[in-house]
Amino acid sequence: MKLTPPPFKEMDVLEYPLSFLIIIMCFTYFAWWSLSNKWWKSSSVPINWPVVGMLPGLIRNAHRIHEFTTDILVEYKGTFMFHGPVFANLNMLNTSDPANIHHILSRNFSNYQKGPEFRKIFDILGNGIFNVDYELWEIHRKITMSLLGHAKFQKLLERNMWEVIDNSLRPTFEVFAEQGTVFDLQDIFHRFGFDVISKLLLDHDPKSLSLDLPHVPCEKAFTDASDALLYRHILPEGCWKLLKWLQIGTEKKLSRAWEAFDQYLYPCISRKLEKLMNKTRKDEDLDVFTSYIEAYNQWKDGDLGTLQTFLRDTFLSLIFAGRDTSSTALTWFFWMLSKNPLVEKRIRQEIQQQLHLKEDENLKFFKVEETRKLVYLHGALCETLRFFPPVSIEEKIPLEYDILPSGHRVSPNMKIILSFYTMGRMESIWGKDCLEFKPERWISQRGGIKHESSFKFPVFNAGPRTCIGKEMTFTQMKLLAATIIYNYQIQVEDQIISPSSSIVMQMKHGLKRFLGKFMRVGDDVEGQVHAIMDKKTDGCTIVHRSKDIEEVEWNSLDFEKRNLLVDE
Ligand code: HEM
């Protein structure tokens, strides 16, 4: 049979050159894309894929987001543009450059308000201080500053703290010590922080810190909410909204946390309002509620919801600020001490000298004012905050086009992530010894506390929105740290430590397996555990813990590589 060729079509003439052209174009694009991504080189920067951008790399590293960002920012000298998927509006400029921080948080503050994007992510905080701008923010700030700065508030703080230490912390620790219980120190600090702030603001002690460590849903909800809120920064809005709608993953946890907050706060608020109605207020009384109620009544726009809702938003924001931050900082602080026994010893000496304690005397009480004398302790706390800023990132969105001091152009709707975590670890900011734990860094030549610019050390933010609770935090941390350090010898069990992926940078698995076996000061401390950094194996540094080593400082910090503890 004779094969007849298919009939000639006009299209065929066009098809071959067109296919050829497409192949050439694809090849050129691939060559350009692979060149621009330097994919054959080893770099911390994720590949910028067509369409999805750097999102796959970001998701893959979400569990180690702080380290991941730090590697990139160090490589890119402090500012780096992250490219998100084409249609997701997820391009983010990451910066840890102090000049940019100064510009954004202070010099051009009016261009970097919180805005609707921030409110969407932090919808759980409603009209609380963290979420609002302009006039409502000014009102919140004025009231909160006058409250926290009030002399009576300081007294109340001192009284409440000692009450929780004496009635809850000490009895719990005594039993743990006697029974040799292994417990999670981070959990203890969270409970402590929650009880103190709740007593201060709501006049209600939830007693979450007690011997049986009861499950208090609202107290636990803070941790869940913090985790979920970080994911809202990373995922495209449509993605987390879908998770919310489907009620799965972190969004499910966030909804439960929301419920737990409301179930705790509304009854407390109603009780307090009832009490206020039945009481004639004297001028000298310090009432946390009254000024906020007055502000609510004077607010003209009527968009704050009911009075109860406004108070719920206000106090939830303050409890958020007060509960998680200080307790997280304290957890990292005690972990750092376990790596630096010499620092711990010096702190103990300072407490003894400055508070005039006898050799075998326990520390039972000291006044808030006396915490100012504890300069070395202050330095050690600042050093911890430098490495582990509880608020590790902050997000800003410009209202108008701007050029940052680093030369980067930013446009409205572009996310700017300020990485405070990275800033604490940059050689360009802290010098060659930036990865060493040195409380001395914070002590002036005259022996006082050395202040660093808040643009170099923005742990408490900087500019007009600087943290209002800084003083309160140091008071709280010093009272608690001094009490524990002076009265107990805490021993660390081996564990792998890493920061959590959370909006407040907690310790991922807590400081569990911290052995609750205490020795009174003055007892034989021969068995005290010391740590020394030792040989490197497979890129990890093994830390041998030994009883023979005298006073060895373990200073280096790099969690990806140096978090493995091995018993001798
Ligand atoms: C280690 C402890 C603390 C750290 C690291 C810290 C850090 C910060 C940071 C970074 C901000 C800025 C947040 C933002 O603008 O989104 C902030 C704001 C704030 N902090 Fe703190 N904070 C701490 C403890 C406290 C405490 C105990 C309180 C008191 C309840 C408090 C009250 C506030 C308030 C009210 C603001 C809002 C200021 C404003 O927007 O004008 N903070 N804090």
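In what order do the four strands of the open sheet stand? The order is 1-2-7-4, with mixed pairing. The legends below start with the whole chain and return to this sheet.

This is a predicted model, in which local features need pLDDT of at least 70, side-chain atom pairs count only at pLDDT 80 or more, and totals for chains, interfaces and linings use all residues. Residues are numbered from 1 along each chain as its sequence is written.

**Figure 1. The chain holds 18 helices and twelve strands.** Helices (H or I, at least four residues) and strands (E, at least two) are DSSP runs, numbered from the N terminus. The chain has 568 residues, and 38% of them are buried. A residue is buried if 20 or more other C-beta atoms lie within 10 Å of its own, exposed if 12 or fewer, and partly exposed in between; C-beta atoms are placed from the backbone. Take contacts between residues at least 6 apart in sequence: 69% of them join residues at least 24 apart. Two residues are in contact if their C-beta atoms, placed from the backbone, lie within 7 Å.

**Figure 2. Four strands form an open sheet.** Strand 1 (79–82) and strand 4 (393–396) stand at the edges. Each has a single partner strand, so one side of each is left without a neighbour in the sheet. From one strand to the next, the twist averages 20°. Strand 2 (residues 92–95) and strand 7 (residues 415–419) run parallel, joined by four bridges. Two strands pair if DSSP finds at least two bridges between them. Lysine 415 in strand 7 stands opposite methionine 92. Helix 4 (residues 98–107) packs on the sheet and touches strand 1, strand 2, strand 4 and strand 7. The direction of helix 4 makes about 120° with that of strand 7. Axes are lines fitted to C-alpha atoms, for helices over the stretch in contact, and angles run from 0 to 180 degrees between N-to-C directions.

**Figure 3. Valine 410 lies in strand 6 (residues 409–410).** Why does valine 410 count as buried? Because valine 410 has 23 C-beta neighbours inside 10 Å. Leaving aside neighbours within four places in sequence, valine 410 is in contact with Leu93, Pro398, Asp402, Leu404 and Ile416. Leucine 93 is 317 residues away along the chain, yet the two C-alpha atoms are separated by 8.2 Å.

**Figure 4. Lysine 114 sits in the loop between helix 4 and helix 5 (115–121).** Lysine 114 is partly exposed, with 19 other C-beta atoms within 10 Å. Beyond neighbours within four places in sequence, lysine 114 is in contact with Arg119, Asn131 and Asp133.

**Figure 5. Helix 14 (residues 341–354) packs with helix 18 (residues 470–487).** The angle is about 105°, and the axes are 10 Å apart. That makes the two helices roughly perpendicular (angles under 35 degrees count as roughly parallel, over 145 as roughly antiparallel, 65 to 115 as roughly perpendicular and the rest as oblique). Glu344, Ile347, Arg348 and Ile351 in helix 14 meet Ala482, Ile485 and Tyr486 in helix 18.
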